[in-house]
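Open your viewer and follow along. Each stop tells you what to select and what is there.

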Amino acid sequence: MDEGVAASGGDRTHDLFDALAAGDLDRFLRGCAEELVLTVSGSDPMTTLVPKSEIASWYRSMSQLAGSSFRSEVCFVLADERTTVVLLRHSLTRGHVDYRYETVNRVTFRDDRLASWFSHPVRRHDYARAWGIDKVPVPQPA
């Protein structure tokens, strides 16, 4: 692995996701390619696709659903020549109860812009509890 590539990719990613966590959506989106589509997995096997043009409203809606208590922080960034992984910790208060969950985010860059972003909860159960989702699908044996 080329240390220079990994360090610069990790630094760029950290800066972008720090902006997202701070709510500086304009700065975050300036670092994204026009064709970016965020692919989000939650507690359901289905995924949600969020084009770049809708990321700001999608992120703000999470804050509104959490009564403005929604917070994110970058825990770590791992980068190599082709891909980068970001662990984000999210917290919110709903019904006077504090919840936390983490997401693993796989991202790639093209021409120094975020070109792909896939987000998955580390533990679907924690994600479902945080957002008040009653049923968490249990994988069935094939």
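**Stop one: Pro121**

Select Pro121. Leaving aside neighbours within four places in sequence, Pro121 is in contact with Ser41, Gly42, Glu102, Thr103 and Tyr127. Contact means heavy atoms within 4.5 Å. Pro121 is found in strand 6. Pro121 is also buried, with a relative accessible area of 10%. Buried means under 20% relative accessible area, exposed means over 50%, and partly exposed lies in between, using a 1.4 Å probe and protein chains only. Now pick the C-alpha atoms of Pro121 and Asn105. They are separated by 8.6 Å, and the two residues are 16 residues apart along the chain.

**Before you go on**

This is a predicted model: local features need pLDDT of at least 70, side-chain atom pairs count only at pLDDT 80 or more, and totals for chains, interfaces and linings use all residues. Residues are numbered from 1 along each chain as its sequence is written, and side-chain values use heavy atoms, with hydrogens and water left out.

**Stop two: the whole chain**

Zoom out and colour by secondary structure. The protein chain has four helices and six strands. Helices (H or I, at least four residues) and strands (E, at least two) are DSSP runs, numbered from the N terminus. In what pattern do they follow each other along the sequence? Read along the sequence, the pattern is α-α-β-β-α-β-β-β-β-α. Of the 142 residues of the chain, 41% count as buried. Take the contacts between residues at least 6 apart in sequence: 46% of these join residues at least 24 apart.

**Stop three: the largest pocket**

The largest pocket has a volume of about 400 Å³. How is a pocket found? On a 1 Å grid over the protein atoms alone, a cavity is a set of points where a 1.4 Å probe fits but cannot get out, while a pocket is an open set with protein on both sides within 12 Å along at least five of seven lines; lining residues have an atom within 4 Å of a point. Grid points are joined across faces, edges and corners, and a volume is the space filled by probe spheres set on the points.

Now show helix 3 (52-65). Helix 3 gives the most to the lining of the largest pocket, with five residues. Other elements that each supply at least two lining residues include strand 1 (37-41), strand 5 (97-110) and helix 4 (124-131). The lining divides into 15 nonpolar residues, 11 polar and one charged. Here Ala, Val, Leu, Ile, Met, Phe, Trp, Tyr, Cys and Pro count as nonpolar, Asp, Glu, Lys and Arg as charged, and the others, Gly among them, as polar.

**Stop four: Thr39**

Move to Thr39, in strand 1. Is Thr39 buried or exposed? At 14% relative accessibility, Thr39 counts as buried. Beyond its neighbours within four places in sequence, Thr39 is in contact with Thr47, Thr48, Leu49, Trp117, Phe118 and Ser119.

**Stop five: salt bridges**

Side chains of opposite charge can pair when their charged atoms come close. A salt bridge is a side-chain nitrogen of Lys or Arg within 4 Å of a carboxyl oxygen of Asp or Glu. By this rule the count comes to six.

Select Lys52 and Glu34. Their side chains meet in a salt bridge (2.8 Å, N to O). Lys52 is in helix 3 and Glu34 in the loop between helix 2 (25-30) and strand 1, 18 residues apart. Lys52 counts as buried, at 11% relative accessibility. Glu34 counts as exposed, at 65%.

Next, select Glu35 and Arg110, another salt bridge (2.4 Å, N to O). Glu35 lies in the loop between helix 2 and strand 1 and Arg110 in strand 5, so the pair ties together parts that are 75 residues apart in sequence.

**Stop six: helix 4**

Show helix 4. Its buried residues are Asp126, Tyr127, Ala128, Ala130 and Trp131. They pack against helix 3, strand 4, strand 5 and strand 6. Helix 4 is followed by Gly132, whose phi is positive, near 70°.

**Last stop: the nonpolar core**

Select Phe17, Phe28, Leu114, Trp117 and Trp131. The largest nonpolar core has 31 residues, and these five have the most contacts inside it. A nonpolar core is a set of buried Ala, Val, Leu, Ile, Met, Phe, Trp, Tyr and Cys residues joined through side-chain atoms within 4.5 Å. Finish on Leu114. Not counting residues up to four places away in sequence, Leu114 touches residues including Leu16, Phe17, Phe28, Val107 and Phe109.
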